[in-house]
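Take a walk through this fold, from the whole chain down to single residues. Keep the sequence and the model side by side.

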Amino acid sequence: IISAYGGKTFRSSSAHAIANAITKIFYKKNELKDLLHGELVGLGILATLILLHRHEEATLINEFLTKTEILKNIKNAFKDAGEEIFSEIGKNAIQLDPFFRKHNISNEDISQILKLCVTK
């Protein structure tokens, strides 16, 4: 279901890069280990759509993630996450997928959008 969001032109590799960047820091925040791969990819899709200014689509996936309580699970897992967690995710995601650099998206951009997604 998650992979259907973003349409034909959407690069799911960027969403997976964010998901994989999160899995790289499991040891820093144990609660993140409870999240499923699909939940992490869903967060990655949401963040990437926002970063690409595709707000209408981002709103749709945000509604889906909220209705299914996936976003609630994600927010609970990130509860009390420090700034360094988000910074490291951004750095890891940039290294994992050149898509971000191609679209002039920095690790700081990824970090800030993820923080916004999981704290609001």
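How many helices and how many strands does the secondary structure of the chain come to? It comes to 7 helices and 0 strands. Here helices (H or I, at least four residues) and strands (E, at least two) are DSSP runs, numbered from the N terminus. Read along the sequence, the pattern is α-α-α-α-α-α-α. The radius of gyration is 13 Å, close to the 14 Å that the globule rule gives for 120 residues, so the chain is as compact as a globular protein of that length. That radius is taken over C-alpha atoms, and the globule rule is 2.2 Å times the number of residues to the power 0.38.

A word on the ground rules. This is a predicted model, with residues numbered from 1 along each chain as its sequence is written. Local features need pLDDT of at least 70 and side-chain atom pairs count only at pLDDT 80 or more, while totals for chains, interfaces and linings use all residues; side-chain values use heavy atoms, with hydrogens and water left out.

Now the overall numbers. The C-alpha atoms fill a box of roughly 35 × 30 × 20 Å, taken along the principal axes. Of the 120 residues in the chain, 47% are buried. Buried means under 20% relative accessible area, exposed over 50%, and partly exposed in between (1.4 Å probe, protein chains only). The chain exposes about 6500 Å², and carbon and sulfur atoms supply 52% of it. Accessible areas come from the Shrake-Rupley method with a 1.4 Å probe; for residues, only the protein chains shown count as cover. Contacts tell of the fold too. Among contacts in the chain with a separation of 6 or more, residues 24 or more positions apart account for 72%. A contact means heavy atoms within 4.5 Å.

Turn to helix α4. Its buried residues are Ile-70, Leu-71, Ile-74, Ala-77 and Phe-78. Why do they lie on the same side of α4? They cover an arc of only 125 degrees around the axis, which puts them there. The arc is that of the directions from the helix axis to the C-beta atoms. What covers these buried residues includes α1, α2 (37-51), α3 (55-67), α5 and α7.

Just after α4 comes Asp-80, with a positive phi of about 65 degrees. Asp-80 has this positive phi although it is not a glycine. The residue is found in the loop between α4 and α5. Asp-80 counts as exposed, at 70% relative accessibility.

Which residues of α5 are buried? They are Ile-85, Phe-86, Ile-89, Gly-90, Asn-92, Ala-93 and Ile-94. Their cover includes α1 (12-23), α4 (70-78), α6 (99-102) and α7 (107-119).

Next, the aromatic rings. The structure holds 2 aromatic pairs. The rings of Phe-78 and Phe-86 have their centres 5.5 Å apart and their planes at 20 degrees, so the pair is stacked. Phe-78 is buried at 4% relative accessible area, and Phe-86 is buried at 2%. In the other pair, the rings of Phe-99 and Phe-100 have centres 5.9 Å apart and planes at 75 degrees, so this pair is edge-to-face. Phe-99 is buried at 7%, and Phe-100 is buried at 0%. Rings of Phe, Tyr and Trp (its six-membered ring) pair if their centres lie within 6.5 Å; planes under 30 degrees apart count as stacked, over 60 as edge-to-face and the rest as tilted.

Move on to the loop between α6 and α7, the place of Asn-104. Its phi is near 55 degrees, a positive value in a residue other than glycine. Asn-104 is exposed, with a relative accessible area of 71%.

Asn-107 lies in helix α7. Is Asn-107 buried or exposed? Asn-107 is buried, with a relative accessible area of 19%. Not counting residues up to four places away in sequence, Asn-107 touches Gly-90, Lys-91 and Ile-94.

Finish in helix α2, where Leu-46 is found. Leu-46 is buried, at 3% relative accessible area. Leu-46 touches Ala-58, Ile-61, Asn-62, Leu-65 and Cys-117, not counting residues up to four places away in sequence. Leu-46 and Lys-72 are 26 residues apart in sequence and 14 Å apart in space, C-alpha to C-alpha.
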